[in-house]
Amino acid sequence: QVQLVESGGGLVQAGGSLRLSCAASGGTSSMYGMVWFRQAPGQEREFVAAMSWRYSTTNYADSVKGRFTVSRDNAKNTVYLQMDSLNPDDTAVYYCAAARSYRTWYWYRSSANQYEYWGQGTQVTLSS
């Protein structure tokens with residue numbers, strides 16, 4: 001079982017920055033990667049960014065490319081999402097998820113319904 005705990009959300013002005021953290025415990029050695037999703041009110045959960053747990057591979061949704069950066073600290077079993085140049089469209093609950101199967105990581109990385117292990121979510125709210 002993998003446990004994921006997010007932190008770092010909050011209220012920020014447009015143009016500002018936040019850094020989210022996702023700390024993983026239990027079963028991390030079998031993880032292929034960590035993924036960030038977000039869900040705005042009335043919207044489906046959407047892919048934001050992903051980082052390999054074993055390599056330096058990252059990928060991003062087009063909507064955040066160039067503004068968000070995902071990174072990893074293996075010693076702390078923690079993945080970060082640095083969010084810069086935030087805008088009101090970034091308002092959402094942000095979730096991290098752990099990819100523990102080859103199939104999920106390589107074929108369905110951006111599909112929220114493929115993930116079994118989720119954090120509790122952290123709210124990010126932009127004020128204009």
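Let's start with a pairing. Strands E9 and E10 (residues 117–118) run antiparallel and pair over two bridges. Strands here are DSSP runs of at least two residues, labelled E, helices are H or I runs of at least four, and both are numbered from the N terminus. Pairing takes at least two DSSP bridges between two strands. In this one, Ala97 has Trp118 of E10 as its bridge partner.

A word on the source. This is a predicted model, so local features need pLDDT of at least 70 and side-chain atom pairs count only at pLDDT 80 or more, while totals for chains, interfaces and linings use all residues. Residues are numbered from 1 along each chain as its sequence is written, and side-chain values use heavy atoms, with hydrogens and water left out.

Stay with E9. It has further partners. E9 and E11 pair over three bridges, again in the antiparallel sense. There, Tyr94 has Thr122 of E11 as its bridge partner. E4 joins E9 through seven bridges, and these two run antiparallel. Phe37 stands opposite Tyr95 in that pairing.

Is E9 enclosed or open? Seven of its eight residues are buried, so E9 is largely enclosed by the rest of the structure. Buried means under 20% relative accessible area, exposed means over 50%, and partly exposed lies in between, with a 1.4 Å probe and protein chains only.

Next, E5. Six bridges join E4 to E5, and the two run antiparallel. Val35 faces Ala50 of E5. The E4 and E5 hairpin has six residues between its strands, and Gly42 there takes a positive phi near 75°. On to E6, residues 58–60, which pairs with E5 in the antiparallel sense over three bridges. Met51 stands opposite Thr58 of E6. E5 and E6 also form a hairpin, with five residues between them. Six of the seven residues of E5 are buried, so E5 too is largely enclosed by the rest of the structure.

Now the inside. In soluble globular proteins, nonpolar side chains tend to be buried together. A nonpolar core is a set of buried Ala, Val, Leu, Ile, Met, Phe, Trp, Tyr and Cys residues joined through side-chain atoms within 4.5 Å. The largest one here has 39 residues, and Leu4, Met34, Trp36, Leu81, Met83 and Tyr94 touch the most other members. Elements that give two or more residues to this core include E3 (18–25), E7 (68–73) and E8 (78–83). Which strand gives the most? E9 does, with six residues.

Tyr94 first. Beyond its neighbours within four places in sequence, Tyr94 is in contact with several residues, among them Glu6, Leu20, Phe37, Val48, Phe68 and Val124. Contact means heavy atoms within 4.5 Å.

Then Met83, in strand E8. Met83 counts as buried because its relative accessible area is 0%. Not counting residues up to four places away in sequence, Met83 touches Gly16, Ser17, Leu18, Leu20, Arg67, Phe68, Tyr94 and Val124. Met83 and Ser17 are 66 residues apart in sequence, but 5.4 Å apart in space, C-alpha to C-alpha.

On to charges. Side chains of opposite charge can pair when their charged atoms come close. A salt bridge here is a side-chain nitrogen of Lys or Arg within 4 Å of a carboxyl oxygen of Asp or Glu. How many are there in the whole structure? The search finds four.

Arg38, Glu46, Arg67 and Asp90 are linked in a network. Arg38 meets Glu46 at 2.6 Å, N to O. Glu46 is partly exposed, at 36% relative accessible area. Arg38 counts as buried because its relative accessibility is 5%. Arg38 also bridges to Asp90, with the closest N and O atoms 2.9 Å apart. That pair links distant parts of the chain: Arg38 sits in E4, Asp90 in the loop between E8 and E9, 52 residues apart. Arg67 meets Asp90 as well, at 2.8 Å, N to O. Arg67 lies in the loop between E6 and E7, 23 residues from Asp90. Both Arg67 and Asp90 are buried.

Last stop, the outside. Trp107 lies in helix H1, residues 102–107. Is Trp107 buried or exposed? Exposed, because its relative accessibility is 60%.
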